[in-house]
There are 2 protein chains.
Amino acid sequence: MRTPATPNHLDQTLLALADPTRRAILQRLSAGEARVTELAQPFALSLNAVSKHIRVLERAHLVHRRREGREHLLSFTPKPMDDVARWMDAQRANWSARLQALDDLLQEEDRALASAPPPKKGRTR
Amino acid sequence: MRTPATPNHLDQTLLALADPTRRAILQRLSAGEARVTELAQPFALSLNAVSKHIRVLERAHLVHRRREGREHLLSFTPKPMDDVARWMDAQRANWSARLQALDDLLQEEDRALASAPPPKKGRTR
DNA sequence: GCATCATTCAACCTCTGGGTTGAATATCAA
DNA sequence: TTGATATTCAACCCAGAGGTTGAATGATGC
């Protein structure tokens, strides 16, 4: 379903987060910088696989890579997650606004019914 | 990178959200129930494609389907998004806790340096 | 009954995601 | 230099995502 050929930031961020290995990596990184090998250590995965996961996180700008000699130091950069949080908040605001509107409608109906006795059948006139 | 063969709820939710078409559908649904054809209308996509997107959202429990005659009425169910929000909050709490710890460390160091003049070379004792 | 409308099912295509292994590159340490 | 270490590159595999088209299913309206 190639939607547009231009995946936006939200797409990339959410996609990057949609994998338990990558979420675990982020969790580890939120405790501080780590090297690729360190990050790979807890997983039953080849180093290469983890390297790829890191690339996905980088693409989403969720991590930043700092080279120091032969070691690559990865660190967590939270901005994209803030963006996701903002989108979700907006979405939820939308949703609760709609619920509120429904509620208002029902209340108004109740008031109308209370002021005029229910015409069970036939018109009032 | 088949991590486990058991994609958990977060995986499915985030994956479902990682597509602009599906996010648009959710946005539309947060304004109220809609039929499949209505949902498909804004997109330059086959009805079938949209039907598939809806299935993905269903799999993630982000929408609920109610059949009424030949029409399928879709509605937004926000719980999975709440779960994502909770995960992200936890993640951010983690992160800011770490920053706070770093800050504390620096402050303590500063205090230490202020009380004892800096021994530029050689041990104190 | 029959045409129509709403939706899915089935088959297929292509692209990408996640994984592997093996070789290449670059740095460090001796 | 030489060998070990840290990491990526390249090629490949397979499953699944996203899309298409065409047929099947199931209500509805006459």
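Analyst: A salt bridge is a side-chain nitrogen of Lys or Arg within 4 Å of a carboxyl oxygen of Asp or Glu. Please keep in mind throughout that this is a predicted model.

User: What distance, N to O, separates the side chains of Asp82(B) and Arg92(A)?

Analyst: Side chains of opposite charge can pair when their charged atoms come close. The cut-off for calling such a pair a salt bridge is 4 Å between nitrogen and oxygen. The side chains of Asp82(B) and Arg92(A) meet this condition and form a salt bridge, with an N to O distance of 2.8 Å.

User: How many salt bridges are counted between chain A and chain B?

Analyst: Polar contacts between chain A and chain B come to 8 residue pairs, with both residues at pLDDT 80 or more. The pair of Asp82(B) and Arg92(A) is a salt bridge, and a search of the whole structure, over all chains, finds 21 salt bridges. For chain A with chain B, the count of salt bridges is 4.

User: What area is buried between chain A and chain B?

Analyst: The size of an interface is often given as the accessible area lost when the parts come together. Here the contact draws 36 residues from chain A and 36 residues from chain B. Carbon and sulfur atoms give 66% of the area buried between the two chains, and that area is about 3400 Å².

User: Which helix of chain A supplies the largest share of the side that touches chain B?

Analyst: On the side of chain A that touches chain B, at least two residues each come from helix 1 (9-17), helix 2 (20-29), helix 4 (47-59) and helix 5 (79-115) of chain A. Sorted by class, this side has 20 nonpolar, 9 polar and 7 charged residues. The largest share, 11 residues, comes from helix 5 of chain A.

User: Which helices of chain A hold Glu38(A) and Arg28(A)?

Analyst: Glu38(A) and Arg28(A) form a salt bridge in which the closest N and O atoms are 3.7 Å apart. The two residues lie in separate helices, so their pairing ties together parts that are 10 residues apart in sequence. Glu38(A) belongs to helix 3 (residues 36-40) of chain A, and Arg28(A) to helix 2 of chain A.

User: Which residue of strand 3 of chain A is the bridge partner of His64(A)?

Analyst: Glu68(A) stands opposite Glu71(A), and Arg67(A) stands opposite His72(A). For His64(A), the bridge partner in strand 3 of chain A is Ser75(A).

User: What phi does Gly69(A) have in the turn of the hairpin?

Analyst: Strand 2 and strand 3 of chain A form a hairpin, with 2 residues between them. Gly69(A) lies in the turn, and its phi is positive, at about 65 degrees.

User: What angle does helix 4 of chain B make with strand 2 of chain B?

Analyst: Chain B has an open sheet of 3 strands in the order 1-3-2, with antiparallel pairing. Helix 2 (residues 20-29) of chain B packs on this sheet and touches strand 1, strand 2 and strand 3, its direction making about 90 degrees with that of strand 3 of chain B. Helix 4 (residues 47-59) of chain B also packs on the sheet, touching strand 2 and strand 3, and its direction makes with that of strand 2 of chain B an angle of about 120 degrees.

User: Which residue of strand 3 of chain B is the bridge partner of Val63(B)?

Analyst: In chain B, strand 2 and strand 3 pair in the antiparallel sense over 6 bridges. For Val63(B), the bridge partner in strand 3 of chain B is Phe76(B).

Key. Residues numbered from 1 in each chain as written. Chains lettered and ligands numbered in written order. Predicted model: local features only at pLDDT ≥ 70, side-chain atom pairs only at ≥ 80, totals over all residues. Heavy atoms only, no water. Contact = heavy atoms within 4.5 Å. Buried area = accessible area lost by both parts, 1.4 Å probe. Polar contact = N/O pair within 3.5 Å; in protein donor to acceptor, adjacent residues only side chain to side chain. Helix = DSSP H or I, 4+ residues; strand = E, 2+ residues; numbered from the N terminus. Nonpolar A, V, L, I, M, F, W, Y, C, P; charged D, E, K, R; others polar. Pairing = 2+ DSSP bridges. Axes fitted to C-alpha atoms, helices over the stretch in contact; angles between N-to-C directions.
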